[in-house]
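Please look at the sequence and the model before reading on.

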Amino acid sequence: MAKTTLTRRALLKSGAIAAGALAMPSVVRAQSTTEMTMLAWYGQAEPDAVAAFEELHNVKIIPKYYVGGEQMLALLAQSPPGTYDLIHADAEYVQQLVLANFVEKLDPSDYHFDDFYPEFHKFPGHWHNDELYAVISRFGFLGISHNLDAVSVKEASSYDVLWDEKNKDKVGHFDWHLPNLGVLSLRDGNAAPYDIGGDAWALLQETTLSLKPQVRGFYDYGGVLSSLKSGEVTVMPGIGEWITGVLRRDGANVTTTIPEQGGIQFTESFSIGRGSKKADLARKFIQYTSSPEGQFTLANLNVFPAIIPSKVGWERMINEKPEDARHLGMFKGDGNSIDLIRKGRIHIRQLPVQQDLADWNDFWSAYKST
């Protein structure tokens, strides 16, 4: 995208050299603002997320929002290099970005990894051939989200609650196969929920189909929020605090429980788009998001709250937003989110390893239509 900074030549042509600049200083400042493009999930370029960075660097971030990794990849494939300066992606898609040559290599020394918990210094998927291509911004856990008036934490400690007769016609699905099939794979006892052979894949399909009589419906982001809030559904597998945290802001009596069979971790990250002419500015943005101030901002986005990898960010959350920190698992001691990871109860969300992604997508489509 062309810069909007006025050049001397342009001013000469307009006949508005120094006098015009002095007469309209606010216009000149507005015209000197640099635009930077971002391809992202919704919310990542809204004012609560980027206003501080924009003001600091006199930049305006122009977002293109997508829904789902497949749509993100399709948009990049259809766009010339340099179209997007920043790319916000789920970790499981970063390797596809690298293999398709959609993102630039990053210098690890540019970012605040020393401030991160060790689990995120070399996060799987963000590196390729020992080279860095994405920096984690925030993450969260997926298990069972439920209305506490209908389903207790104890009941939600097993995915078996989904088949409880009292929840018939009260189970909802966020309409995306990866998180739903991931947690149901854990329920089947698969230690690596996305790396399963033919027999386990057949069993997972059978398990999922057996749940259908309990299911009220399939929902997008807004539908998940409204259905849980209204009580239309009381329990949902494969979602987490990114939903229940938003609902609690509105006074809903909901929470997310990670069952004993384990939970799934989603992970968000930022990369620099291949061919970006604003690569230096994009690097500064990723530096900001990995800084303590940027991390605190990301933990509290209006679109939904999430866990952050920054130890300093955790301290600030504990001190300034203790209730939110507790719900997100950002507290000290046993049972916090890092503890769950270290105990092996959390599994990183991946693309299927032994099946094609299309196989999972096709099954999910068939499941919805049965």
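Q: Which helices and strands each supply at least two residues of the lining of the second largest pocket?
A: They are strand 6 (135-147), helix 10 (241-249), strand 10 (254-257), helix 14 (322-328) and helix 15 (337-342). Helices (H or I, at least four residues) and strands (E, at least two) are DSSP runs, numbered from the N terminus. The model is predicted: local features need pLDDT of at least 70, side-chain atom pairs count only at pLDDT 80 or more, and totals for chains, interfaces and linings use all residues. Residues are numbered from 1 along each chain as its sequence is written, and side-chain values use heavy atoms, with hydrogens and water left out.

Q: What makes a residue part of the lining of the second largest pocket?
A: On a 1 Å grid over the protein atoms alone, a pocket is an open set of points with protein on both sides within 12 Å along at least five of seven lines, and a cavity is a set where a 1.4 Å probe fits but cannot get out; lining residues have an atom within 4 Å of a point. For the second largest pocket 25 residues line the space, and T256, I258, R326, H327 and G329 lie nearest its centre. Its volume is about 440 Å³, a volume being the space filled by probe spheres set on the points, with grid points joined across faces, edges and corners.

Q: How is the lining of the second largest pocket divided by class?
A: It has 12 nonpolar, 9 polar and 4 charged residues. Ala, Val, Leu, Ile, Met, Phe, Trp, Tyr, Cys and Pro count as nonpolar, Asp, Glu, Lys and Arg as charged, and the others, Gly among them, as polar.

Q: What is the volume of the largest pocket, and which residues lie nearest its centre?
A: The volume is about 640 Å³. The lining has 28 residues, with W41, V67, G68, F174 and W176 nearest the centre. Helix 16 gives the largest share, 3 residues. By class, the lining holds 17 nonpolar, 5 polar and 6 charged residues.

Q: How many cavities of 30 Å³ or more are there, and what lines the largest cavity?
A: The count is 1. About 30 Å³ of space lies in the largest cavity, and its lining is Q44, A49, V50, F285, Y288, T289, G294 and L298. Of these, 5 are nonpolar, 3 polar and none charged.

Q: Why is helix 7 called roughly perpendicular to helix 16?
A: The axes of helix 7 (residues 177-187) and helix 16 (residues 357-369) come within 10 Å and cross at roughly 90 degrees. Angles of 65 to 115 degrees count as roughly perpendicular (under 35 is roughly parallel, over 145 roughly antiparallel, the rest oblique), so helix 7 is roughly perpendicular to helix 16. Axes are lines fitted to C-alpha atoms, for helices over the stretch in contact, and angles run from 0 to 180 degrees between N-to-C directions.

Q: Which residues make the contact of helix 7 with helix 16?
A: H177, L178, N180 and L181 of helix 7 meet L357, W360, N361, F363 and W364 of helix 16, where contact means heavy atoms within 4.5 Å.

Q: Why does the radius of gyration of the protein chain agree with a compact globule?
A: With 370 residues, such a globule would have a value near 21 Å, and the protein chain has 22 Å, so the two agree. The radius is taken over C-alpha atoms, and the globule rule is 2.2 Å times the number of residues to the power 0.38.
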